[in-house]
Amino acid sequence: MKSTRRDFLSFMGITGTAVLAGFANTGIAETESGGFRPGEHTLPELPYPYDALEPVLSTSILEIHHDKHHAGYVKGLNRAEMKLAEMRETGDYSMITHWERELAFHGSGHYLHSLYWDSLSPGGGGEPSLNFLKAINESFGSMTHLQKQLAAASGAVEASGWGVLAYHPWMRRLVVLQDEKHQNLTIWGAAPILVIDVWEHAYYLQYENRRMEYIENLMGILDWEGASKRYEALSGSNRNRKRQSP
Ligand code: MN3
């Protein structure tokens with residue numbers, strides 16, 4: 001299944017749920033809840049021919065970047081998901097840190113590359129919509145200020161990484177971020193629904209160094225009702241949409 005300009009526009013929709021719900025250019029596998037099954041992500045096609053971004057980006061750069069690098073992240077994400085599924089089966093979590101790292105690295109790599117292709121357009125992608133421009137002006141002062149900050153932030157990323165223009169559904173505004181590597185250790189676009197603080201200040205006075213005991217006790221008081229509401233709000237439009245098979 002290939003991404004379309006429309007996917008990107010709906011992805012960039014200015015409400016919080018639309019930001020998270022509209023990005024659907026990967027994979028075919030779908031569970032009853034509308035999610036991808038573990039290990040079944042597929043490489044999306046480029047939304048334009050390999051030579052469409054000449055002379056800014058050469059055909060050979062796009063071929064290697066898409067067919068080798070991006071494909072590698074899809075493969076790595078699938079592998080990590082399958083290993084984590086295996087762990088849930090066997091109950092052996094001794095390699096959990098490694099595979100969670102792999103999940104974050106490859107999941108973010110896949111997500112960001114999919115968005116990168118949609119972020120580029122042969123000949124340039126026209127003008128922002130009125131609503132988007134309004135949000136840009138409110139968040140940065142002007143389009144010129146945004147472009148300068150985005151370029152400066154991207155240019156100054158330490159080692160490998162990304163410059164990111166993001167909508168933050170909770171702050172309800174646009175932000176420019178630097179992203180080192182792909183992850184550290186999130187999957188970009190993931191919106192927290194339930195969190196557990198494992199900084200020592202959260203448990204040390206009572207549990208000292210017994211972090212697992214604190215976590216196990218906390219498991220009994222997690223608010224799944226509140227988490228359900230957040231899940232419903234974020235997943236609503238995904239649960240109602242049907243993805244096409246390729
Ligand atoms: Mn890349």
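**A chat about the predicted model**

Author: Leu-194, Ile-196, Met-219 and Trp-224 make a nonpolar surface patch of about 370 Å². A patch takes residues with over 30% relative accessible area and no salt bridge, joining nonpolar side chains (Val, Leu, Ile, Met, Phe, Trp, Tyr) within 5 Å and like charges within 9 Å. A salt bridge is a side-chain nitrogen of Lys or Arg within 4 Å of a carboxyl oxygen of Asp or Glu. Accessible areas come from the Shrake-Rupley method with a 1.4 Å probe, and for residues only the protein chains shown count as cover.

Reader: What should I know about the model and the numbering?

Author: This is a predicted model, where local features need pLDDT of at least 70 and side-chain atom pairs count only at pLDDT 80 or more, while totals for chains, interfaces and linings use all residues. Residues are numbered from 1 along each chain as its sequence is written, and side-chain values use heavy atoms, with hydrogens and water left out.

Reader: Where does Met-219 lie?

Author: In helix α8, residues 211-219. Helices (H or I, at least four residues) and strands (E, at least two) are DSSP runs, numbered from the N terminus.

Reader: Is Met-219 buried, exposed or partly exposed?

Author: Partly exposed, because its relative accessible area is 43%; buried means under 20%, exposed over 50%, and partly exposed in between (1.4 Å probe, protein chains only).

Reader: New topic. What coordinates the manganese ion?

Author: His-65 (NE2) and His-113 (NE2), at 2.1 to 2.2 Å. His-65 lies in helix α3 (residues 59-90) and His-113 in helix α4 (residues 96-119), so the pair ties together parts 48 residues apart in sequence. Donors are N, O and S atoms within 2.8 Å of the metal (3.2 Å for Na, K and Ca); water is not among the atoms, so sites may look incomplete.

Reader: And His-113, buried or exposed?

Author: His-113 counts as buried, at 3% relative accessibility.

Reader: How many aromatic pairs are there?

Author: A search of the whole structure finds 5. Rings of Phe, Tyr and Trp (its six-membered ring) pair if their centres lie within 6.5 Å; planes under 30 degrees apart count as stacked, over 60 as edge-to-face and the rest as tilted.

Reader: Why is the pair of Tyr-116 and Trp-162 edge-to-face?

Author: Because the planes are at 80°, with the ring centres 5.9 Å apart. Tyr-116 is in helix α4 and Trp-162 in strand β1 (residues 161-168), 46 residues apart.

Reader: Which residues are in the cluster?

Author: Tyr-116, Trp-117 and Trp-162, linked by ring pairs.
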